[in-house]
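Biologist: I would like to learn how to read contacts in a model like this one. Please take the features one at a time.

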Amino acid sequence: MPKKTKPTLVLGATGKTGSRLVPLLRDRGVPVRAASRGGEVRFDWDDETTWGRALTGVGAVYLVDQQDKPGQWDAETMIERFYARAADLGVTRVVALQARPAGAIGGKDLHAGTDTAERSGLEWTVLRPSWFNQNFDEGVLLDGVRAGELPLPAGDGAEAFVDVADVAAVAAAALTEDGHHGRVYNLSGPAALTFAEAVEVIGHAAGREVRYVPVSQRDYEAELVGAGVPADYATFVGDLVARIDQGTSSAVTFTVEQVTGRAPVAFADFAKEAASRGVWAAA
Ligand SMILES: NC(=O)c1ccc[n+]([C@@H]2O[C@H](COP(=O)([O-])OP(=O)(O)OC[C@H]3O[C@@H](n4cnc5c(N)ncnc54)[C@H](OP(=O)(O)O)[C@@H]3O)[C@@H](O)[C@H]2O)c1
């Protein structure tokens with residue numbers, strides 16, 4: 001009898017990358033535990049009693065953590081505990097999602113957990129994508145685009161926006177194929193765009209005007225706090241956006257094509273498809 005493939009645990013399975021990864025793995029015949037607080041399988045980073053059941057019997061894990069929750073989440077400790085538990089329960093491979101900017105962002109290291117992966121004794125791959133295209137149509141930038149104005153402290157900086165379909169495709173390869181152990185993959189789309197360029201593409205696709213308005217980091221954070229966002233989270237987001245002005249993730253990489261064998265999604269193609277769904281109709 002052929003050996004049964006152990007399930008893969010996909011964290012953040014209701015989120016932008018996880019929701020695309022689950023069908024890709026199932027199409028490859030891999031059994032999947034699609035997990036999050038509200039997913040098919042319950043997994044809550046803040047409730048460790050949910051970890052054991054989610055991890056038991058699993059062969060590989062797609063790890064989406066909570067590093068974008070500064071002040072509320074101690075990344076180093078939590079990730080360390082998660083890897084230890086996973087190793088104890090027989091997991092052999094972890095593919096972890098991080099982000100490209102290095103150094104302290106709002107006081108947090110978005111690359112935390114890399115050392116833990118190296119020390120874990122498991123096979124590991126780290127994915128560090130640029131900002132997702134999908135921030136514009138299902139994430140933090142959607143309301144601004146709908147309102148026709150995007151005020152951000154990104155100056156004239158460019159970002160090599162990447163599509164979550166490409167991130168998920170790289171994750172699927174790293175989870176199911178050989179040759180990705182010990183690799184850190186910086187993932188980008190095929191070109192870097194400033195926010196002014198990105199909203200022009202979106203405006204063209206949506207048939208309406210969308211303006212990018214550069215603002216100072218301080219004004220931006222004050223605006224967020226005024227809208228009820230906790231101060232530490234406002235600082236985190238302000239720092240993250242300001243990194244775009246510094247060009248931190250503007251370098252185009254060729255990793256998506258190298259790993260998947262096909263070119264990454266162009267921003268204009270993403271915009272055309274999203275516009276065809278009517279997602280950017282005026283608010
Ligand atoms: N957005 C970007 O441009 C970007 C770029 C590079 C890297 N990243 C990284 O990608 C990761 C995900 O960010 P995202 O904005 O794309 O979010 P997302 O994956 O779209 O949504 C977050 C996911 O995590 C789950 N989740 C939230 N709180 C949880 C908890 N306490 N325990 C377990 N699961 C929880 C959510 O599902 P439930 O609500 O059902 O729990 C959801 O599936 C972050 O680490 C971020 O740094 C994002």
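Modeller: We go through the ligand site, then salt bridges, then aromatic pairs.

Modeller: This is a predicted model, in which local features need pLDDT of at least 70, side-chain atom pairs count only at pLDDT 80 or more, and totals for chains, interfaces and linings use all residues. Residues are numbered from 1 along each chain as its sequence is written, and side-chain values use heavy atoms, with hydrogens and water left out.

Biologist: How many residues surround the ligand, and which are the closest?

Modeller: A residue is near a molecule if one of its heavy atoms lies within 4 Å of it. Here 25 residues surround the ligand, and the closest are Thr-14, Ser-36, Arg-37, Phe-132 and Asn-135. The shell divides into nine nonpolar, nine polar and seven charged residues. In that division Ala, Val, Leu, Ile, Met, Phe, Trp, Tyr, Cys and Pro count as nonpolar, Asp, Glu, Lys and Arg as charged, and the others, Gly among them, as polar.

Biologist: What lies 2.7 Å from an oxygen atom of the ligand?

Modeller: A polar contact is a pair of N or O atoms within 3.5 Å; within protein, one must be able to donate a hydrogen and the other to accept it, and residues adjacent in sequence count only if both atoms are side-chain atoms. A polar side-chain atom of Ser-36 lies 2.7 Å from a ligand oxygen, and an N or O atom in the side chain of Arg-37 is 2.7 Å from an oxygen atom of the ligand. Lys-16 contributes a backbone N or O atom, 2.9 Å from an oxygen atom of the ligand. The protein covers 83% of the 890 Å² of accessible area that the ligand has on its own, by the Shrake-Rupley method with a 1.4 Å probe; for residues, only the protein chains shown count as cover.

Biologist: Now salt bridges. What is the count?

Modeller: Side chains of opposite charge can pair when their charged atoms come close. The rule asks for a side-chain nitrogen of Lys or Arg within 4 Å of a carboxyl oxygen of Asp or Glu, and the count comes to 12 salt bridges. One of them joins Asp-166 and Arg-262, with the closest N and O atoms 2.9 Å apart. This pair links distant parts of the chain, 96 residues apart: Asp-166 is in helix H6, and Arg-262 is in the loop between helix H10 (255-260) and helix H11 (267-276). Helices (H or I, at least four residues) and strands (E, at least two) are DSSP runs, numbered from the N terminus.

Biologist: Is Asp-166 buried or exposed?

Modeller: Buried means under 20% relative accessible area, exposed over 50%, and partly exposed in between (1.4 Å probe, protein chains only). Asp-166 has 0% and is buried, whereas Arg-262 is partly exposed at 39%. Another salt bridge pairs Glu-273 with Arg-277, the closest N and O atoms being 3.0 Å apart. Glu-273, at 41%, is partly exposed, and Arg-277, at 47%, is partly exposed.

Biologist: And how many aromatic pairs are there?

Modeller: Rings of Phe, Tyr and Trp (its six-membered ring) pair if their centres lie within 6.5 Å; planes under 30 degrees apart count as stacked, over 60 as edge-to-face and the rest as tilted. The count comes to 16 aromatic pairs. Phe-43 and Trp-45 have ring centres 5.2 Å apart and planes at 90°, so the pair is edge-to-face. Both Phe-43 and Trp-45 are buried. Phe-136 and Phe-267 also pair edge-to-face, 5.5 Å centre to centre with 80° between the planes.
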